[in-house]
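Look at the model below before reading on.

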Amino acid sequence: MGFDLHFGLTVHDYDPTEFRNSIIAHSALAKLFDIPIVLTTSFETGPNGPLPKEITQMYPDAPLIKRNGEVDAWDNPDFRKAVEATGKSQIILAGITTDVCTEYLALSLREAGYTVFANTEASGTFSKRLADDANRRMEDAGVILMGMFSVAMDLMRDWRNTPGSLEVLPFLDQYLPAYGYVARAHEGAVQNGTLAPGEDGL
């Protein structure tokens, strides 16, 4: 899993609260499914800034490649080595901005023969139009565009697996409340054990 997010870059195609939740959820997926993760920044001592501390604290021992200025992470030899060291041929990535950090890396990885999944919910940019253009270019190059829920379900594959229902439902309750509330409602119905008038047969 690749991560190229900068605290100093602003996102305008997502609500800030929603986007913050999305990038932390993206990070947490690697821990949930025990996936190797490579973190990277570009020119973090300048206006781009560092990675959010919630991410670096989540992975204190993960490779963190501080690029001196390369815009495309794949142009950095240390980043390439870190990715190659994972031994993985499928890469899930996200970045700020969608049309630079995510797109450039995704296209380079595709050129290098990797299967690439871009988490569009954890990638943001300055406008929806820029995001749409970048997503179209990535899709044309064979990058698979997904959201956090579909990434999680693709990694899990079956609720009976491990990680499965026991591990994934608490994750979804934390990072995808719309699904968490469904699970909570089911829990309440089972524990309560009664139907209100009019619910039978709905």
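The paragraphs that follow start with the nonpolar cores and end with the loops.

The model is predicted. In soluble globular proteins, nonpolar side chains tend to be buried together. Here the largest nonpolar core has 33 residues, and Leu-29, Phe-33, Leu-39, Tyr-59, Val-168, Phe-171 and Tyr-175 touch the most other members. Two or more residues come from each of α1 (16–32), α2 (53–58), β4 (90–95), α6 (148–156) and α7 (165–175). The biggest contribution is that of α1, with eight residues. Another core lies apart from this one; its 17 residues include Phe-79, Leu-93, Ala-118 and Val-143.

Neighbours within four places in sequence aside, Tyr-175 is in contact with Asn-21, Ile-24, Ala-25, Ala-28 and Met-148. Tyr-175 also takes part in the packing of α7 against the helix α8 (residues 177–192), where Leu-169, Leu-172, Asp-173 and Tyr-175 of α7 meet Pro-177, Tyr-179, Gly-180, Ala-183 and Arg-184 of α8. By type, the residues of this contact are six nonpolar, one polar and two charged.

Two packed helices are described by the angle between their axes and the distance between the axes. For α7 and α8 the angle is about 125° and the axes are 6 Å apart. This angle makes α7 oblique to α8. The crossing of α7 past α8 is left-handed.

On the α4 side, the contact involves Thr-98, Asp-99, Thr-102, Glu-103, Ala-106 and Leu-107; on the α5 side, it involves Leu-130, Ala-134, Asn-135, Arg-137 and Met-138. The residues of this contact divide into five nonpolar, three polar and three charged.

Ser-108 also belongs to α4, which covers residues 98–111. Is Ser-108 buried or exposed? Ser-108 is buried, because its relative accessible area is 16% and the limit for buried is under 20%. Leaving aside neighbours within four places in sequence, Ser-108 is in contact with Asp-72 and Trp-74.

Strand β4 holds Gly-95, which is buried with a relative accessible area of 0%. Gly-95 and Leu-195 are 100 residues apart along the chain, and their C-alpha atoms are separated by 46 Å.

Most residues other than glycine have a negative phi, and most peptide bonds are trans. The bond joining Ile-96 and Thr-97 is a cis peptide bond, with omega about 10°, and Thr-97 lies in the loop between β4 and α4. Another cis peptide bond runs from Thr-162 to Pro-163, with omega near -5°. Pro-163 lies in the loop between α6 and α7.

The loop between α6 and α7 also contains Arg-157, a residue other than glycine with a positive phi, near 70°. Asp-34, not a glycine either, has a positive phi of about 55° and is placed in the loop between α1 and β2 (38–42). Asp-34 is exposed, with a relative accessible area of 69%, and Arg-157 counts as exposed at 63% relative accessibility.

Technical notes:
Residues are numbered from 1 along each chain as its sequence is written. This is a predicted model: local features need pLDDT of at least 70, side-chain atom pairs count only at pLDDT 80 or more; totals for chains, interfaces and linings use all residues. Side-chain values use heavy atoms; hydrogens and water are left out. A nonpolar core is a set of buried Ala, Val, Leu, Ile, Met, Phe, Trp, Tyr and Cys residues joined through side-chain atoms within 4.5 Å. Buried means under 20% relative accessible area, exposed over 50%, partly exposed in between (1.4 Å probe, protein chains only). Helices (H or I, at least four residues) and strands (E, at least two) are DSSP runs, numbered from the N terminus. Contact means heavy atoms within 4.5 Å. Axes are lines fitted to C-alpha atoms, for helices over the stretch in contact, and angles run from 0 to 180 degrees between N-to-C directions. Angles under 35 degrees count as roughly parallel, over 145 as roughly antiparallel, 65 to 115 as roughly perpendicular and the rest as oblique. A crossing is left-handed if the near helix is turned anticlockwise from the far one by less than a right angle, and right-handed if clockwise. Ala, Val, Leu, Ile, Met, Phe, Trp, Tyr, Cys and Pro count as nonpolar, Asp, Glu, Lys and Arg as charged, and the others, Gly among them, as polar.
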